[in-house]
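Student: I would like to go through this model by its interfaces and then by a single residue. Can we begin with the structure itself?

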There are 2 protein chains.
Amino acid sequence: MNMILLHPSDFHDPGLAVLSDERARHICQVLKAAPGKVLRIGLLNGSLGKGTVLSVDQQTVCLQCVLEEQVPPKPKIDLLLAMPRPKVMKRLWAQLAALGVGRIVLVKADKVERFYFDTHVLEPDFYNARLIEGLQQARCTHLPEVLVRKRFKPFIEDELDVLFPNALKLLADPAGERRLGDFSWGERRVLLAIGPEGGWTAYELEQLQEHGFELFGMGERILRTDTACVGLLSTLAEALNHG
Amino acid sequence: MNMILLHPSDFHDPGLAVLSDERARHICQVLKAAPGKVLRIGLLNGSLGKGTVLSVDQQTVCLQCVLEEQVPPKPKIDLLLAMPRPKVMKRLWAQLAALGVGRIVLVKADKVERFYFDTHVLEPDFYNARLIEGLQQARCTHLPEVLVRKRFKPFIEDELDVLFPNALKLLADPAGERRLGDFSWGERRVLLAIGPEGGWTAYELEQLQEHGFELFGMGERILRTDTACVGLLSTLAEALNHG
């Protein structure tokens with residue numbers, strides 16, 4: 001935990017946050033913070049800042065908080081991900097939040113087993129805790145928005161254009177001849193699509209391309225979903241910020 | 001498993017491989033391959049090819065193998081990694097092999113606990129199995145070479161320059177003002193250094209820079225070792241191949 005992420009409901013008075021959950025335990029037992037200690041804080045979907053420990057006991061920590069005026073920019077990348085096996089998705093949440101993603105859409109595809117969706121890993125309480133873990137690791141405040149869509153076709157036909165109206169839509173595919181560096185995005189958001197382990201079907205690829213997705217190649221290596229997600233998001237962020 | 005990796009010892013006659021281990025089980029039970037089926041194969045540290053199933057029973061699979069003449073190029077990136085927690089390293093092996101690394105040096109650093117080295121995760125039988133799993137996933141044949149060094153100073157002073165004589169040495173550090181895209185590497189190999197979760201000490205940073213490491217920045221996010229490894233290796237591979 002490289003930052004303590006605060007919720008508006010943690011504030012009893014303006015500038016005074018009172019914590020009595022896992023974060024309090026972390027401040028006491030891991031950081032061993034005594035009164036006077038200054039910690040990095042952030043407000044959920046808001047700005048970063050400093051929190052001075054006012055008091056600590058076993059259950060409760062009081063922090064005097066000063067937040068910066070400027071809110072860090074929201075991540076410019078969104079992710080359309082064919083739902084991976086729950087075990088893989090469980091590990092991915094924190095990494096996605098740490099790397100910075102605005103919105104995560106988990107979608108069914110032909111080569112996604114239906115039972116992948118029957119998992120506690122897709123319950124908001126579960127994934128929000130993991131996402132917040134990732135934000136606290138990376139010192140970011142923007143909680144990714146999560147959408148779960150168990151039907152591919154209605155999502156692509158009815159929702160995709162509404163949710164991502166002006167995005168540059170990119171799809172990693174072995175057939176892609178262009179590379180990430182070949183695209184110009186200007187100020188547009190980027191929506192990155194990552195398929196299932198077995199790949200999208202020809203029909204799905206056609207649908208995605210009809211709805212604006214452009215193919216790009218990433219070399220010949222076939223990567224596991226989690227490796228591909230982390231690798232592509234990192235490469236894309238570097239290209240977006242310093243292309 | 002997107003490729004069956006063969007060892008020279010699997011060949012009884014030239015062109016005839018006989019398998020009776022986990023690979024045979026995979027070919028029977030997962031791929032459900034019958035005689036005549038053509039599988040992608042690769043020779044350890046050699047070329048890719050095709051293997052035609054000649055016979056299958058519960059224990060043994062015979063493959064008629066045809067290998068390509070050309071051996072794929074060896075990955076151009078090496079990794080100097082401060083030993084992470086064993087749990088993290090356990091998950092990293094396959095991903096490192098899948099992403100493509102020539103040589104992996106695991107080194108002690110001040111903020112690496114000594115007991116991290118007392119683990120089965122660093123036994124060759126364990127890590128080679130994981131590395132081969134990654135190669136078979138990514139369809140690559142080059143098995144990374146692994147070195148474990150429990151003392152930082154002797155490694156840096158006595159071995160580093162010998163092992164990596166002409167490499168461009170890069171070190172991810174928040175203080176780095178240059179970005180990956182700012183370096184030119186030509187035909188040189190790249191040695192990428194990734195520090196412990198708590199960072200290198202000032203002394204370690206000084207030593208590394210004295211031995212030719214150049215700093216580069218990757219943004220303000222603080223990433224877990226495994227996320228950082230996968231992200232940096234991907235970004236670097238993309239820059240190397242298409243910069």
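Predicted model: local features only at pLDDT ≥ 70, side-chain atom pairs only at ≥ 80, totals over all residues.

Tutor: Residues are numbered from 1 along each chain as its sequence is written, chains are lettered from A and ligands numbered from 1 in the order written, and side-chain values use heavy atoms, with hydrogens and water left out.

Student: What area do chain B and chain A bury between them?

Tutor: Contact here means heavy atoms within 4.5 Å, and 31 residues of chain B meet 31 residues of chain A. Buried area is the accessible area (1.4 Å probe) that two parts lose on being put together, summed over both. Carbon and sulfur atoms carry 53% of the buried area, and the total is about 2,500 Å².

Student: Which element gives the most residues to the side of chain B that touches chain A?

Tutor: Helices (H or I, at least four residues) and strands (E, at least two) are DSSP runs, numbered from the N terminus. Elements giving two or more residues to that side of chain B are helix 2 (86-99), helix 3 (124-138) and helix 6 (225-242). With 8 residues, the most is given by helix 6 of chain B.

Student: Which residue of chain B forms a salt bridge with A:Arg179?

Tutor: A salt bridge is a side-chain nitrogen of Lys or Arg within 4 Å of a carboxyl oxygen of Asp or Glu. The count between chain B and chain A is 2 salt bridges. For A:Arg179, the closest N and O atoms are 2.8 Å apart, and the partner is B:Glu238.

Student: How far apart are the C-alpha centres of domain 1 and domain 2 of chain A?

Tutor: The bounds come from an automatic or database domain assignment, which divides chain A into domain 1 (4-67) and domain 2 (77-242). Between these domains the buried area is about 740 Å², with 0 salt bridges. Their C-alpha centres are separated by 33 Å.

Student: Which side chain makes a polar contact with the side chain of B:Asp10?

Tutor: B:Asp10 sits in the loop between strand 1 (4-6) and strand 2 (11-13) of chain B. A polar contact is a pair of N or O atoms within 3.5 Å; within protein, one must be able to donate a hydrogen and the other to accept it, and residues adjacent in sequence count only if both atoms are side-chain atoms. At 2.7 Å, the partner of B:Asp10 is B:Arg23.
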